[in-house]
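The sequence and the structure come first.

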Amino acid sequence: MIQKPKGTYDVFGEKGKTILYIEELLKALMKQYNYEYFRTPLFEVSELFHRGVGSTTDIVTKETYDFKDRGNRDMTLRPEGTAGITRSFVENKIYGNASQPVKTWYYGPMYRYERPQSGRFREFYQFGVEVFGSDSASIDAEVISIAVNIYRLLGLKGIKVNINSLGDTESRDNYRKALKEYFRPHLNTLCEDCKQRFDKNPLRILDCKIDSNKEIMKQAPTTIDYLNEYSKKHFEDLQKYLKSLNIEFIVNPKIVRGLDYYTHTVFEVEASIKDFGSQNVLCGGGRYNGLIEQIGGPSINGVGFALGLERLLAALESENINLIKDDNLDIYIIPMSENELEKVFSLANHLRLNGFSTDIDYMNRNLKSNFKQADRLKSKFIAIIGEEEIKNNKITIKNNNTKEEYKIDIDKIIDFLDQNCN
Ligand code: HAM
């Protein structure tokens with residue numbers, strides 16, 4: 001038997017219904033926030049991620065799915081959405097739009113060649129937002145509030161918002177120097193990768209999966225101590241705006257994020273999912289003021305976040321939240337024999353186009369098994385059409401809850417369902 005690739009999963013049944021529910025909620029929410037839908041390719045030229053995400057990050061050095069296409073070009077399946085959306089923003093010159101900031105959202109599969117475990121897949125779905133063109137910390141707060149409100153709307157209780165600031169280029173440079181001074185005498189205690197990171201990008205030492213629990217990591221200098229005046233003010237403003245939105249947060253100087261593009265605000269929202277360890281991070285994001293220029297665009301700033309669908313589903317499960325309360329069918333129509341199937345078929349079409357979830361018997365079942373099928377489908381109403389009904393242009397409808405029966409004109413069925421289906 002051919003099996004699915006490691007780190008992937010199939011969707012069907014209840015999980016499919018829950019995912020569709022979440023997708024609808026996200027779409028509606030984005031309309032309320034006035035964000036615009038973007039879709040970019042699943043693969044991009046590899047260089048985009050080297051420049052965007054960072055060539056020393058774990059994502060780019062160890063986790064990308066890289067391939068050569070038949071024209072011998074280096075391509076990569078996207079490991080995240082920010083680089084692609086930013087490329088699109090630059091390539092389509094959307095920065096020239098009169099209306100700023102440009103607020104975007106996206107949703108789709110991402111690919112990382114990671115060791116599969118609970119909450120960690122090789123193909124996973126991200127919903128994310130990216131906002132271009134504003135320096136104001138109010139936009140950072142709005143982005144964080146979108147993440148928090150999604151979890152609130154879905155009913156999750158045990159979430160924790162961690163925020164930190166990496167500061168602007170000057171602050172980051174000062175911090176980088178301090179980190180190097182700190183780690184230099186301890187270099188021989190670090191893993192081989194970290195020794196490389198020390199020269200190329202010392203910040204990456206802090207999210208090393210091998211060294212993370214060592215004492216030396218715990219005592220490392222934190223970004224907050226190296227913020228210059230502008231960066232400090234930006235971080236204070238962020239906290240002020242979050243408070244105005246009633247969002248509880250923790251300033252956690254250990255949050256540095258695993259992608260290179262961040263400046264100023266970084267944040268992560270955690271849940272407490274049993275046995276999930278570091279995969280408890282439901283979403284993460286922050287500000288990336290240099291990325292658009294790095295990708296070849298003008299000097300415009302950006303901020304965004306992305307949440308993982310799979311971890312959200314796991315968090316809902318661990319808090320016993322069932323989103324699918326009403327997945328009842330409105331009506332199940334039974335033809336008494338094959339002679340009435342044509343009529344039943346066209347009636348079902350008519351009802352579906354008028355907004356009623358409708359199903360019929362395609363299997364030529366007897367009446368008893370048809371009633372059982374209607375129960376399995378949790379149908380609110382059962383309708384029967386036989387020779388007699390067709391002759392008199394009537395239909396017999398039974399309320400499957402109260403068991404009351406009605407005989408009505410076939411032409412009146414929409415009115416009947418309008419009044420009786422809520
Ligand atoms: P990230 O922290 O790498 O950030 O990923 C964001 C979220 O995607 C994670 O919090 C997690 O829920 C989910 N995720 C990541 N990797 C996996 C995996 N292997 N399996 C399942 N879920 C996963 C980014 O991707 C940035 N682009 C976020 C961002 C947007 N920053 C600014 N704008």
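In this predicted model, strand E6 (123–132), strand E10 (281–287) and strand E11 (302–308) each contribute at least two residues to the shell around the ligand, and E10 gives the most, with six residues. The ligand is surrounded by 27 residues, of which Glu80, Thr82, Glu114, Phe121 and Tyr262 are the closest. Sorted by class, this shell around the ligand consists of twelve nonpolar, eight polar and seven charged residues.

| Side chain | Ligand atom | Distance |
|---|---|---|
| Glu80 | nitrogen | 2.5 Å |
| Arg112 | oxygen | 2.9 Å |
| Arg257 | oxygen | 2.9 Å |

Of the 660 Å² of accessible area that the ligand has on its own, the protein covers 96%.

Is Thr57 buried or exposed? Thr57 counts as buried, because its relative accessibility is 0%, and the limit for that class is under 20%. The side chain of Thr57 reaches the backbone oxygen of Gly54 at 2.7 Å, while, leaving aside residues up to four places away in sequence, Thr57 touches Arg204, Gly258, Leu259 and Asp260.

Methods. Residues numbered from 1 in each chain as written. Predicted model: local features only at pLDDT ≥ 70, side-chain atom pairs only at ≥ 80, totals over all residues. Heavy atoms only, no water. Near = heavy atom within 4 Å. Polar contact = N/O pair within 3.5 Å; in protein donor to acceptor, adjacent residues only side chain to side chain. Areas by Shrake-Rupley, 256 points an atom, 1.4 Å probe, with all protein chains shown as cover. Helix = DSSP H or I, 4+ residues; strand = E, 2+ residues; numbered from the N terminus. Nonpolar A, V, L, I, M, F, W, Y, C, P; charged D, E, K, R; others polar. Buried < 20%, exposed > 50% of the residue type's maximum accessible area, 1.4 Å probe, protein only. Contact = heavy atoms within 4.5 Å.
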